[in-house]
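Let's take a friendly tour of a protein model, looking at a few charged pairs, a greasy spot and a loop. Keep the picture open as you read.

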Amino acid sequence: MNLAYGLLKYQKKYISLNKYLKLSLKIFAWIVGSIIGLLLLIIILIQIPAIQNILKNKVITYLEGKFKTPVKIDKIEIGLPKKLVLRGFYFESQTKDTLLAGDKLAVDISLFKILDNQIEINSLDLNGIITNINRGQDSVFNFDYMIKAFVSDQAKLATPTDTSTAMKFSVNKINLDKIRIRFKDAITKNDVNVYLNHFDTNIKKFDLDKLDFKIPKITLNGLNVKLKQGFLEKAAQNAVATADAASASPNLKLDIGTIDLQKIVLAYDNAGTNLNTQLNLGKLLVDFNEINLKKQLVDIKTIEFSNTKGNLVLGKELKDAVKKATTTDTSSASENASWKVNLRKADFTNIAFAFDDMNAPRQKKRMDFMHLDLKNINLNADNFYYSLDTISGDINQFTLKDKSGLNVQELKTNFFYGPKNAFLKNLYLKTPQTLLKDEIIVRYPSIISLSKTPGQLYIDANINGSKLGFKDILLLVPTLSKTAPFNTMPNAVMNINSRVIGQVKDIKIPKLEISGIGNTRIAASGNIKGLPNIDKAYFDLTIKDFRSTSKDINAFIPKGTIPSNIQLPSTFGAKGFFKGGINNFNTNLALASNYGAAKIKASFDQRVKNKERYQAMADIDNFNVGKLIKNDSVGRISLRANIKGIGLDPKTANATLNGTLIKAVYNKYTYRNLALKGSIANGLFKAAADMKDPNLY
């Protein structure tokens, strides 16, 4: 009985407990369901225009209460849990101007991550935005009152023991359309007007803590910027400081894929017109491989740059400001900067640029580097590399025109400039007057050695089938315009076939062929030692062929060099060799002209003043001396003579003459077989002649 009674009592308690448990579960389920239902209701309600309108009015009332300025919002769209859209909004500044207005502001933000101290913006979309930002003489911006309105509330809520970590911020997609920004600064006298038609980007990584950013593509289409700047010196110093800061931030990781810029107009005007510049950019597409700030490396896959015009006007005060800013003491980061740039492919099309330095007078007949007007700039290049001491690349095509008359119709070359060598290979440079081609290679111990020991410069040049227009030379070196032959043949085109190899101090010339300057031609080869000191140089030259005219010679040499009683042959040529220095040489030349022919073998040594040594053997064949000296009484002469002596001063010279006048025409009579002997010693001249001519008796 007792056992049965106990079981019955336990069963009643179990039934009662089970009843309460079920009831508790029902209550819990009802609460959770109510919360979920409430959330769903809220989500549904806030999608209803009437509810959104109520929320909009509450927000407007709240913001106007905080800012004490008019606020307008046409519509607020809320898509929980993360989307917020404002349409037709307007914020007025305290000076009753438009501070911020726009057609659309859409933010897709992860609201729940805010609870975890993170602001994660999945997308930001702005359309039809207008903003006006001003800073007054008191250094206060026209939006400062907004910041203070919220900062005051945060200050009340904050406690001295607040140990919360810094909020993390990230952003993914950004899309901007039809953005207009106006900025005026009374302190720096800057006035900026910006209109942006379209900008979008998709940021894959945005880590402010680790300074790690990855942006696959940036697109900007239609940007118009007008900037009037006041204090340029401060701006130039800020530019130097910015460069220092970039070099001093080695932890920054910036991974940018493609930058696509189109239809961009930039206009800049400095106070007092010290600097005026404008850029009208058609298209700039840059595809990056890598940007490594730690290694100071920029690696670019391709650059496409087209349909762009730019100009720059430089004033005196600007030059002084930039010079002062760039010569001030900079940080060690910039001093140690050694940036490297790789550009795998470049394609520039239809580029124009003008530059004017108002401090420099304009030049009329020369390449004026202070007043440029460059047009038709086109470039197709591969494998461009730049570092502090090395520049190299392959130019497939380059063209350029300048108002001065310079016209690079085509340039192709593989070029390199480095610490110990440089070259132009596969060179092809063409202008209307000039054609340079083949290759030039130079080597040197160091860059400094080029000025200190130029004789160690090694040259290997092969210039074949080339021509050099004097007009192009005068564009680059106008001072030659008063020097022969440029002053008499400014439009001449010199043809060149040449091979030069060796160090400057021992240069070999296997081939040198020059023509095109009038009717003058030269073909020679040889070796020159001792350059660049011309006084100590030794020449070993073989003249294979030299032809010229009196007209050319008179054009080459300064007026008055040839005595007035000398008339050069209208045509003449020479073959032979020249060995020795300027002051000590041997030569053997065979001359031919319309006056006649001659052979001269001579040596000359003037290293000791007043003790000059000379020896010459001359063989003159039927040469018209009368025409040479402009004397009708003298006709053609044939002569063999040997001259040997010491000294050129008649008062101290010692010399002898032995020869035979084979034939000579004088006063229309021909003399034959005249033996000549003569000497000069200490100012006394002796001469003897013997002729076997029966007509003289």
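## A charged pair across the chain

Arg499 and Asp460 form a salt bridge, and their closest N and O atoms sit 2.5 Å apart. This pair ties together distant parts of the chain: Arg499 belongs to strand S20 (residues 493–503) and Asp460 to strand S19 (residues 458–469), 39 residues apart. A salt bridge here means a side-chain nitrogen of Lys or Arg within 4 Å of a carboxyl oxygen of Asp or Glu. Strands are DSSP runs of E with at least two residues, numbered from the N terminus.

Is Asp460 buried or exposed? Asp460 counts as buried because its relative accessible area is 14%, while Arg499, with 25%, is partly exposed. The cut-offs are under 20% relative accessible area for buried, over 50% for exposed, and partly exposed in between (1.4 Å probe, protein chains only).

## Where the model comes from

This is a predicted model, in which local features need pLDDT of at least 70 and side-chain atom pairs count only at pLDDT 80 or more, while totals for chains, interfaces and linings use all residues. Residues are numbered from 1 along each chain as its sequence is written, and side-chain values use heavy atoms, leaving out hydrogens and water.

How many salt bridges does the rule give? The count comes to 15. One of them joins Asp356 to Arg362, with the closest N and O atoms 3.2 Å apart. Asp356 has 16% relative accessibility, so Asp356 counts as buried.

Lys412 and Glu410 also meet through their side chains in a salt bridge, at 3.1 Å from N to O. Lys412 is partly exposed because its relative accessibility is 35%, and Glu410 is partly exposed too, at 23%.

## A nonpolar patch

Now for the greasy spot: Phe369, Met370, Leu476 and Val477 make up a nonpolar patch on the surface, with about 350 Å² of accessible area together. Patches take residues with over 30% relative accessible area and no salt bridge, joining like charges within 9 Å and nonpolar side chains (Val, Leu, Ile, Met, Phe, Trp, Tyr) within 5 Å. The areas come from the Shrake-Rupley method with a 1.4 Å probe, and for residues only the protein chains shown count as cover.

Met370 sits in the loop between strand S12 (340–357) and strand S13 (371–386). With 32% relative accessibility, Met370 counts as partly exposed.

## A buried loop residue

Look for Gln433 in the loop between strand S17 (421–430) and strand S18 (435–443). Gln433 counts as buried because its relative accessibility is 19%. Setting aside neighbours within four places in sequence, Gln433 is in contact (heavy atoms within 4.5 Å) with Lys467, Leu468, Gly469, Lys471, Asp472 and Val493.

Technical notes
Helix = DSSP H or I, 4+ residues; strand = E, 2+ residues; numbered from the N terminus.
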